[in-house]
Amino acid sequence: MAMWRGIILAVQFLTVLPLRMQVDWNERTGRIAVLSFPLVGAMIGALLVAQHALLFGHISLLVLSFLLLFSSIFLSGGLHADGWMDCSDAYFSYRDQQRRLEIMSDSRVGAFAVLSLFFLLGFRFIFMFETIAHFSLFSLFCLPLLSRLGMTLLLLTAPLAKQTGMASSFRQHVDRRFVPFVAMYGGVCLFSRETLVLFLALMLFYVIAKAFVVKQFGGVTGDVLGAFIEGSETFLWFVMWLLHAFAIL
């Protein structure tokens, strides 16, 4: 029962799916919730695959690309996009780490946040539109799973930027010991060459992102984790575009 409650907690936190069940936050449900983050990504991936399967061939590729992009943002309630915007405002302030953390906590949205989100989603849309007629549905399924897998690894392995907030709450009940368990989600990528390349690309992005956030923010926060999901998904779409544009696979 605790396992299902933890999974439900993860779904409630990372998506807008209507699960109205009341789940108590405790050591066990909190741990299972964190370890279920990639599973939530798989659920989102399955919904995107279903949307693609239903609409492909019935509407233009342009509209389908936009709907897939919209759904990926909508299903998360815009939570991760908000994290990307907060991190953008903080980074482009060119202040010290403490001041950047204060800016991330500010509810106001700056010009850099809007511009960075525009270019992030703009490039992702281009990569999706250019590859939507060629990529496999299995890759579409794996993309949200991989971004949440990377985010979970970052949460488990990077230092905390502050001892309060969402990231700190989730880290109370998990640590590096659970990295091998989380990494097992990546095993699903072994079923095709394309998804294997995407998994390796995610690991590269994870290493670079971890070094970046430690240097610029002193560690991870809830906003940083959300920004990682959005940034990694755009990067993975870029890799998929490279694979098809240059016929690498």
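Predicted model: local features only at pLDDT ≥ 70, side-chain atom pairs only at ≥ 80, totals over all residues.
A crossing of two helices is right-handed if the near helix is turned clockwise from the far one, and left-handed if the near helix is turned anticlockwise from the far one, by less than a right angle.

**The whole chain**

The protein chain has 12 helices and 0 strands. Read along the sequence, its pattern is α-α-α-α-α-α-α-α-α-α-α-α. The radius of gyration is 18 Å, close to the 18 Å that the globule rule gives for 249 residues, so the chain is as compact as a globular protein of that length. Along its principal axes, the C-alpha trace spans about 50 × 45 × 35 Å.

How much of the protein chain is buried? Buried residues make up 50% of the 249 residues. Now take the contacts in the chain with a separation of 6 or more: residues 24 or more positions apart account for 79% of them.

**Helix α3 against helix α4**

Helix α3 covers residues 37-55. Its axis and that of α4 come within 10 Å and cross at roughly 160°. Angles over 145 degrees count as roughly antiparallel, so α3 is roughly antiparallel to α4. The crossing of α3 and α4 is right-handed.

Which residues make this contact? From α3 come L48, Q51, H52 and L55. From α4 come L64, L67, L68, S71 and S72. By class, the contact of α3 with α4 has 5 nonpolar, 4 polar and no charged residues.

**Helix α4 against helix α7**

Helix α4 covers residues 61-74, and helix α7 covers residues 111-131. The two pack at an angle of about 130°, with their axes 9 Å apart. That angle makes α4 oblique to α7. The crossing of α4 and α7 is right-handed.

On the α4 side, the contact uses L61, L62, S65, F66, L68, L69, S72 and I73. On the α7 side, it uses L121, R124, F125, M128 and F129. The residues of this contact divide into 10 nonpolar, 2 polar and 1 charged.

**The two pairs side by side**

| Pair | Angle | Axes | Handedness |
|---|---|---|---|
| α3 and α4 | roughly 160° | within 10 Å | right-handed |
| α4 and α7 | about 130° | 9 Å apart | right-handed |

Helix α4 takes part in both pairs. L68 and S72 of α4 meet α7, and L68 and S72 also belong to the contact with α3.

Notes:
Residues numbered from 1 in each chain as written. Heavy atoms only, no water. Axes fitted to C-alpha atoms, helices over the stretch in contact; angles between N-to-C directions. Helix = DSSP H or I, 4+ residues; strand = E, 2+ residues; numbered from the N terminus. Parallel < 35°, antiparallel > 145°, perpendicular 65-115°, else oblique. Contact = heavy atoms within 4.5 Å. Nonpolar A, V, L, I, M, F, W, Y, C, P; charged D, E, K, R; others polar. Rg over C-alpha atoms; globule rule 2.2 N^0.38 Å. Buried < 20%, exposed > 50% of the residue type's maximum accessible area, 1.4 Å probe, protein only.
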